Amino acid sequence: MKAKISIITLGVEDLTAATAFYRDGLELPQFDFDSADVSFFELAGTWLSLYPKTALAEDIGIPAEAMTGQGSFTLAHNVSSPEAVDAVLDQAVNAGARLIKPGQQVFWGGYSGYFQDPEGYYWEVAFNPFVDLS
């Protein structure tokens with residue numbers, strides 16, 4: 001297995017609202033795909049997919065009520081400076097996200113903050129002064 005994540009799929013309650021948040025609010029480039037059942041966003045190095053939570057559970061072969069655990073992982077978006085962290089956090093909040101942790105110096109020497117998207121998924125926005133992950 002290659003050390004790579006190709007697609008991150010989020011099981012969402014409201015596909016239309018989630019798509020609007022990522023496309024219009026965060027301005028991620030939506031892949032032109034002729035389907036009302038799933039949304040794809042082509043990102044640098046990976047893709048983000050939004051799929052209705054019940055359909056995702058069915059695809060996996062588990063009961064819909066087993067689709068829990070938004071707090072059990074985070075998605076990370078690395079940027080080139082502490083100022084860019086704050087700018088992305090502001091953009092997310094203006095798009096409808098909830099600010100969880102404002103940008104701040106962190107124990108490992110970087111600068112980061114967290115927001116929660118309208119579906120409850122946690123995103124870390126970070127600047128790493130040691131490794132350029134932006």
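Mentor: Strands here are DSSP runs of E, at least two residues long, and helices are runs of H or I with at least four, numbered from the N terminus; two strands pair if DSSP finds at least two bridges between them. This is a predicted model, where local features need pLDDT of at least 70, side-chain atom pairs need 80 or more, and totals for linings use all residues. Residues count from 1 along each chain, and side-chain values use heavy atoms, without hydrogens or water.

Trainee: Happy to start! Which residue in strand 3 is the bridge partner of Ser-39?

Mentor: Strand 2 (residues 39-42) runs antiparallel to strand 3, with 4 bridges joining them. Ser-39 has its bridge partner in strand 3, and that partner is Leu-50.

Trainee: Which residue in the hairpin of strand 2 and strand 3 takes a positive phi?

Mentor: This hairpin has 4 residues between its strands. The positive phi, near 90°, belongs to Gly-45.

Trainee: How far apart are the closest N and O atoms of Glu-13 and Lys-53?

Mentor: The model has 2 salt bridges, counting a Lys or Arg side-chain nitrogen within 4 Å of an Asp or Glu carboxyl oxygen. One of them links distant parts of the chain: Glu-13 sits in the loop between strand 1 (7-12) and helix 1 (15-25), while Lys-53 is in helix 2 (residues 53-60), 40 residues apart. Their closest N and O atoms are separated by 3.3 Å.

Trainee: Nice. Which element gives the most to the lining of the largest pocket?

Mentor: Strand 3 (47-52), strand 4 (74-79) and helix 3 (82-94) each give two or more residues to that lining. With 5 residues, the top contributor is strand 4.
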